[in-house]
Amino acid sequence: MSSTPSSEQPTDDPALDQIGPALSRLRRRAPASGKDLSRNLVLNVIADAPGEMTVGGLAAEMGVAQPVASRTVAACIEDGLLRRAASQSDGRRTVLELTEHGEAERNRFAAEQRKAFLEITAAWSPKERTQFARLLTRYGADATAWSRKQNTSRN
């Protein structure tokens, strides 16, 4: 990995045009059913939220309409993965929380994804695996910060 500042990185590399399609393929190839993929996304968004999460906040974070988020939340509540609770800062608001079962499912999904990652990257060196994992994790964190900044500037 180069230590060259990002402003000095070449931006004409054709590999950069493949980032979007590659991320799309990763999402489609996740080792889970469509139902599990949606649940995993919901559980991670709620668990990773910096504060309380409402259905409206979940919809915004997922980039879906509120009715879509509401149906997904209702299914997760029915399956014991989430519960509704009163906000600690404003008792009139309802927030979403993971249950113990929801946290266990989140951990199960993570273990499945780790297993798939190790199988997919079996020909990679341990250093390459670790480097890619760290960079992908960093990309995810930076994408979250970028998205929140974009949403703040629009409001």
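# Why these labels?

Reader: Why does Glu-105 count as buried?
Author: Glu-105 has 15% relative accessibility, and buried means under 20% relative accessible area (exposed is over 50%, partly exposed lies in between; 1.4 Å probe, protein chains only). Glu-105 therefore counts as buried.

Reader: Good to know! What should I keep in mind about the model itself?
Author: This is a predicted model, in which local features need pLDDT of at least 70 and side-chain atom pairs count only at pLDDT 80 or more, while totals for chains, interfaces and linings use all residues. Residues are numbered from 1 along each chain as its sequence is written, and side-chain values use heavy atoms, with hydrogens and water left out.

Reader: What makes the contact of Arg-108 and Glu-105 a salt bridge?
Author: Their side chains meet at 2.9 Å, N to O, and a salt bridge asks for a side-chain nitrogen of Lys or Arg within 4 Å of a carboxyl oxygen of Asp or Glu. Arg-108 and Glu-105 both belong to helix H5 (residues 100-120), where three residues, about one turn of the helix, separate them. Arg-108 has 30% relative accessibility, so Arg-108 counts as partly exposed.

Reader: Which residue does Glu-119 meet in a salt bridge?
Author: Glu-119 meets Lys-115, with 2.8 Å from N to O. This pair also lies in helix H5, four residues apart, about one turn of the helix.

Reader: Is Lys-115 buried or exposed?
Author: Lys-115 reaches 53% relative accessibility, so Lys-115 counts as exposed.

Reader: What makes Asp-142 and Arg-138 a salt bridge?
Author: The N to O distance between their side chains is 3.9 Å. Both residues sit in helix H6, four residues apart, about one turn of the helix. Asp-142 is called partly exposed because its relative accessible area is 45%.

Reader: How many salt bridges does the structure hold?
Author: There are ten salt bridges in the structure. Asp-48, Glu-103 and Arg-106 are linked by salt bridges into a network.

Reader: Why are H3 and H4 called roughly perpendicular?
Author: Helix H3 (residues 55-62) and helix H4 (residues 66-78) pack at about 110°, and their axes are 8 Å apart. The label roughly perpendicular covers 65 to 115 degrees (under 35 is roughly parallel, over 145 roughly antiparallel, the rest oblique). H3 and H4 are therefore roughly perpendicular to each other.

Reader: Which residues make the nonpolar surface patch?
Author: Leu-16, Ile-19, Leu-23, Leu-26, Trp-124, Phe-132, Leu-136 and Tyr-139 form this patch of about 690 Å². Helix H1 (19-28) and helix H6 (126-154) each supply at least two residues of the patch.

Reader: Why is Leu-23 called partly exposed?
Author: Leu-23, which lies in helix H1, has 33% relative accessibility, so Leu-23 counts as partly exposed.

Reader: And why does Val-45 count as buried?
Author: Val-45 has 12% relative accessibility and therefore counts as buried. Val-45 is part of helix H2 (residues 34-48). Gly-57 is twelve residues from Val-45 in sequence and 9.6 Å away in space, C-alpha to C-alpha.

Reader: How many helices and strands does the protein chain have?
Author: The chain has six helices and two strands, taken as DSSP runs (helices H or I, at least four residues; strands E, at least two). From the N terminus on, the order is α-α-α-α-β-β-α-α. Buried residues account for 21% of the 155 residues in the chain.

Conventions
Patch = residues over 30% accessible without salt bridge, like charges linked within 9 Å, V, L, I, M, F, W, Y side chains within 5 Å. Areas by Shrake-Rupley, 256 points an atom, 1.4 Å probe, with all protein chains shown as cover. Axes fitted to C-alpha atoms, helices over the stretch in contact; angles between N-to-C directions.
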